[in-house]
Amino acid sequence: MPDFSFRDRPDKQRVQLTLGKASSSADAEQVLAFLDFQWTFRTMQATYEQLLDQYQLSESKFIILMLLENETDHTLLPSELATKLGSARATVSKLLVGLQKRGWVEKQHPQDDKRTVAIHLTAAGSSVLTQFLPANFKAVTTIFASFTIQEQQQFKGLLDKIKQGTQQLKSEAINHE
């Protein structure tokens, strides 16, 4: 992720001036809230990526390992991983190559169909999860430490509204193509 050093953040007056130049009816407070949200997310994401990197993980690799860990036999087909991850099969294949090189997953050929390749979580992959998960949950706890239970529920509701707005924006963008 690029290093964002957006130090000259606009104040309300500058946002209002820009809105006027753009002949926009957007609210300056909404724009400032959006910028704060973006800034906070980018900072949180960059910090979390640093934590993942300490364990030689990326968010996608971590999710793949977790998906395999949660399977009874710790095994999934690459197509199942792609579906569960919401990624293209080619993207998952590249991630699996890296995980396999580290010895965290291995390819297996089921007895009944040698053409099929299944991906299995190894003991080393499970060990990485065992080492990382406490740090992962500590990070979550740290981020939300100042929230009360009620504030966490409010935040969840507000995030749901942001998701709805994002879905609407996505729908409008698709309709303008």
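Me: Is Asp160 buried, partly exposed or exposed?

Reply: Some background comes before the answer. This is a predicted model, in which local features need pLDDT of at least 70 and side-chain atom pairs count only at pLDDT 80 or more, while totals for chains, interfaces and linings use all residues. Residues are numbered from 1 along each chain as its sequence is written, and side-chain values use heavy atoms, with hydrogens and water left out. Buried means under 20% relative accessible area, exposed over 50%, and partly exposed in between (1.4 Å probe, protein chains only). Asp160, at 28%, therefore counts as partly exposed.

Me: How many salt bridges are there?

Reply: A salt bridge is a side-chain nitrogen of Lys or Arg within 4 Å of a carboxyl oxygen of Asp or Glu. By this rule there are three. One of them joins Asp160 to Lys156 at 3.1 Å, N to O.

Me: Where do Asp160 and Lys156 lie?

Reply: Helices are DSSP runs (H or I, at least four residues), and strands are runs of E (at least two), numbered from the N terminus. Both residues belong to helix α7, four residues apart, about one turn of the helix.

Me: Which residue forms a salt bridge with Asp160 at 3.7 Å?

Reply: That residue is Lys163. Shared partners join Lys156, Asp160 and Lys163 into one network.

Me: Which side chain meets Lys84 in a salt bridge?

Reply: Glu71 does, at 3.8 Å, N to O. Lys84 lies in helix α4 and Glu71 in the loop between α3 and β1, so the pair ties together parts 13 residues apart in sequence.
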